[in-house]
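The sequence and structure come next.

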Amino acid sequence: MENLQDDKHRDLSKNKSDGTNKFLTTDQGVKINDDNNSLKAGERGPSLLEDFILREKITHFDHERIPERIVHARGSGAHGFFEVTNPIPELTKAGFLQEKGQKTPVFTRFSTVAGGQGSTDLARDARGFAVKFYTQEGIYDLVGINIPVFFIQDASKFPDLVHALKPEPNTEIPQASSAHDTFWDFISLMPESMHMIMWIMSDRAIPRSYRMMEGFGVHTFRLINEANESSFVKFHWKPKLGTHAVVWDEAQKISGKNSDFHRQDLWDAIDMGNFPEWELGVQVIPAADENKYEFDLLDPTKLVPEELVPVTIVGRMVLNKNPDNFFAETEQIAFHPGHVVPGIDFSNDPLLQGRLFSYTDTQLSRLGSPNFHEIPINRSISPVHNNQRDGHMRQEINTGRVNYHPNSLAGGCPFQAKVSEGGFSSFEERIDSHKTRGRSESFNDHFGQAKLFFNSQTDAEKSHIVRALRFELGKVETTAIRVRMLGLLSQVDQKLAEQVAKGLGATVPPVLERPLNHGVSPENEMGDQESQTREQSVAASDALTMVKNPTNSATIASRKVAIICNEGVSEACVNNMKNALLKADAKGFIIAPHLGSLLTQENGAIPVDFSFLTASSVLFDAVYVPDGEELNALAENDDVSEFLNDAYKHCKVIGADGQASKVINAAPFASKINNDDDGLILTNEKGSADFAQEFIAAMGKHRFWEREVNLYN
Ligand code: HDD
């Protein structure tokens, strides 16, 4: 019997472009006649086991999920390219860094660390920044984060850190949040984490967009040149759009309004042709300078201040294509810090050394097979020839009978490559030492750079750190953990600790004579190595703040402005602002009490993008209320008040022209307005070009922190 109920939707002409017809088939290629009904013994009878079409479909469905990543489960990625702008052959023989203009395809995946796959994008967390370079010499993965340091110094503590950070095992609460007892219990006993804690409590941990984050390789790596000379290197990604964040109250609200905020932001930007771009920079430390600094280059809780070693830009990365299929590409991509190419090598950083084991191991259980390199997104573009064979889901059909080396039957093929032929050889570092489980004394300074980071922040940023710590420790139920944390914070900055303590209704304990050190238990606070605070040769660094970050400029490219309108809105005002925003590469969206369109003052109609139900201030960078006729109704609308109040509270630009100031003056924050507030742009004029320019210039200053109560100063 023919079963073509969907005949009326058929358009076979659309399906011929790739030369195949697009009939529905089974996985074995058999055309399916009815995909809507299972095979039954009579129309009202039981289903038949014989129905291979039903069984195949359900079986495949039953196995559609693979284990999520143990950390970094939630992420988004995109394709793009890396282009060399400043070749560095004198430092590295890596083929993809040799010539100006040389391009290498990349796939980049951004992620949060703690939450599960369906968790919110706006958690307070580090963000993964992992780049796969498909070079002519094989795959190179730079698997970094948006923070230049890490919590721990030795890989053996990573499972403990992650156990403590993830939801507590008895309740599986909380999701994607470090604000709970087990995390802070662990941290309060691990003073080496204090530098990273300062970063995580700063606004770096709540980025405005993946496109507005710096990226860091964290560890010190090695570059090796043709002469086999090695230098140490730190990798940096610098975003073209500057480094920006949201505020914590905003982050929590975004999590409710659109928990896919960062994922959608990345997708939409690429979809609209606003391709995000970063510069790749290197800090190069000559081998002879290995022991020159007050910190150890091998200690991943330390950064190299840019004042000591400047960042040299070597190229740029542009992400210009969204994946076609999230699962096939973003989910199945397998990164590994051990995927390196000749010219790049490892340092002895004990965290990096442990990572070199972990990543392949995790892919084996996550992707389920040693053949994960054959999944299209993971495939090298340079040819792969070896004697690795078989295993689950093997794709390659290797021919011939020789699957070993050395051999004579295949003429010795595939051959080993000499170094001069591009063969990888590890840097021959001389090691003359005792086998030990110890940790170098040069790793003992746990507070020097935590202070450097904190002292580099502006007052507003310090205040945000106080607020974040009050929030996080305020969620901790065990008093002893809070007190231990206050003790550690006081070793970073006494006033910081006191301000946090005030919010917790606690007092800062006196500093222990010998502070806690590497992971000691509370009963045995005297470990065998002391932690110290070493004077830093750099007291403060602008590269470490977000407000004064050198990557920032007045660009508002790709920013979103909410234009709050009602019936009778002035089309002239709306168009004036929309056009000015477009010229600045930003975009205005019409938000109104209802969807559809609005009748304008000029008797035209403008389409509405969002209603107050589906939009919220936290999803936009600034708010504008244009002149119009039904402004009293807007002024009395609770949704509008909340919209404007949030924009004000989150220190965003708010503008109104013509009669629309009355809407601002009716908002709850009106009594607090300070005449010096440069983020409030109000004019009686209607639709003036100067007004729009002033609004855009104010947006270029990003946020107006003066509105906040400062908790530090
Ligand atoms: Fe890791 C994933 C970055 C320490 C073990 N890590 C993972 C991802 C990033 C990082 C960006 C996600 C990659 C993706 O998008 O698929 N990890 C870091 C950084 C670290 C770090 C910058 C310290 C400097 N990681 C670290 C240690 C270990 C791991 C010390 C284990 C000893 N990381 C893993 C893992 C993951 C992972 C369990 C989970 C999924 C995956 O590898 O592919 O193997």
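In this predicted model, helix H13 (residues 571-583) and helix H17 (residues 689-699) pack at an angle of about 45°, with their axes 9 Å apart. H13 and H17 are therefore oblique to each other, since angles under 35 degrees count as roughly parallel and 65 to 115 as roughly perpendicular. Their crossing is right-handed. On the H13 side, Asn576, Met577, Ala580 and Leu581 take part in the contact; on the H17 side the partners are Ala689, Phe691, Ala692, Gln693, Phe695, Ile696 and Met699. Sorted by class, the residues of this contact are nine nonpolar, two polar and no charged.

Helix H11 (residues 479-492) has a packing partner in helix H10 (residues 459-474): their axes come within 11 Å and cross at roughly 155°. That makes H10 roughly antiparallel to H11, because an angle over 145 degrees counts as such. The H10 and H11 crossing is right-handed. Leu469, Leu473 and Gly474 of H10 meet Arg482, Met485 and Leu489 of H11. The residues of this contact divide into four nonpolar, one polar and one charged.

H11 also packs with helix H3 (181-188). The axes of H3 and H11 come within 9 Å and cross at roughly 40°. That makes H3 oblique to H11, and the crossing is left-handed. From H3, the residues Asp181, Trp184, Asp185, Ile187 and Ser188 meet Ile481, Arg484, Met485 and Leu488 of H11. By class, the contact of H3 with H11 has five nonpolar, one polar and three charged residues. Met485 is listed in the contact with H10 and also in the contact with H3.

| Helix pair | Axis separation | Crossing angle | Handedness |
|---|---|---|---|
| H13 and H17 | 9 Å | about 45° | right-handed |
| H10 and H11 | within 11 Å | roughly 155° | right-handed |
| H3 and H11 | within 9 Å | roughly 40° | left-handed |

What does Arg482 touch beyond residues up to four places away in sequence? Arg482, in helix H11, touches Leu473, Gly474, Val476 and Leu504 under that condition. Leu473 and Gly474 belong to H10 and are part of its contact with H11. As a reference distance along the chain, Arg482 and Asn37 are 445 residues apart, and their C-alpha atoms are separated by 61 Å.

On the scale of the whole protein, the chain is divided into domain 1 (39-378), domain 2 (448-522 + 539-544) and domain 3 (560-712). The C-alpha centres of domain 1 and domain 2 lie 28 Å apart. Between these two domains, 33 residues of domain 1 are in contact with 34 residues of domain 2.

Which protein atom is a donor to the iron atom of the ligand? The only protein donor is the OH of Tyr359, at 1.9 Å. Tyr359 is found in helix H8 (residues 350-366).

The backbone has some features to check when the model is prepared for calculation. Most residues other than glycine have a negative phi, and most peptide bonds are trans. The peptide bond from His405 to Pro406, by contrast, is cis, with omega near 5°. Another cis peptide bond joins Cys413 and Pro414, where omega is about -5°. Pro406 lies in the loop between H8 and helix H9 (448-456), and Pro414 is likewise in the loop between H8 and H9. Ala176 has a positive phi of about 50° although it is not a glycine. The place of Ala176 is in the loop between helix H2 (158-165) and H3.

Notes:
Residues are numbered from 1 along each chain as its sequence is written. This is a predicted model: local features need pLDDT of at least 70, side-chain atom pairs count only at pLDDT 80 or more; totals for chains, interfaces and linings use all residues. Side-chain values use heavy atoms; hydrogens and water are left out. Axes are lines fitted to C-alpha atoms, for helices over the stretch in contact, and angles run from 0 to 180 degrees between N-to-C directions. Helices (H or I, at least four residues) and strands (E, at least two) are DSSP runs, numbered from the N terminus. A crossing is left-handed if the near helix is turned anticlockwise from the far one by less than a right angle, and right-handed if clockwise. Contact means heavy atoms within 4.5 Å. Ala, Val, Leu, Ile, Met, Phe, Trp, Tyr, Cys and Pro count as nonpolar, Asp, Glu, Lys and Arg as charged, and the others, Gly among them, as polar. Donors are N, O and S atoms within 2.8 Å of the metal (3.2 Å for Na, K and Ca); water is not among the atoms, so sites may look incomplete. Domain bounds come from an automatic or database domain assignment.
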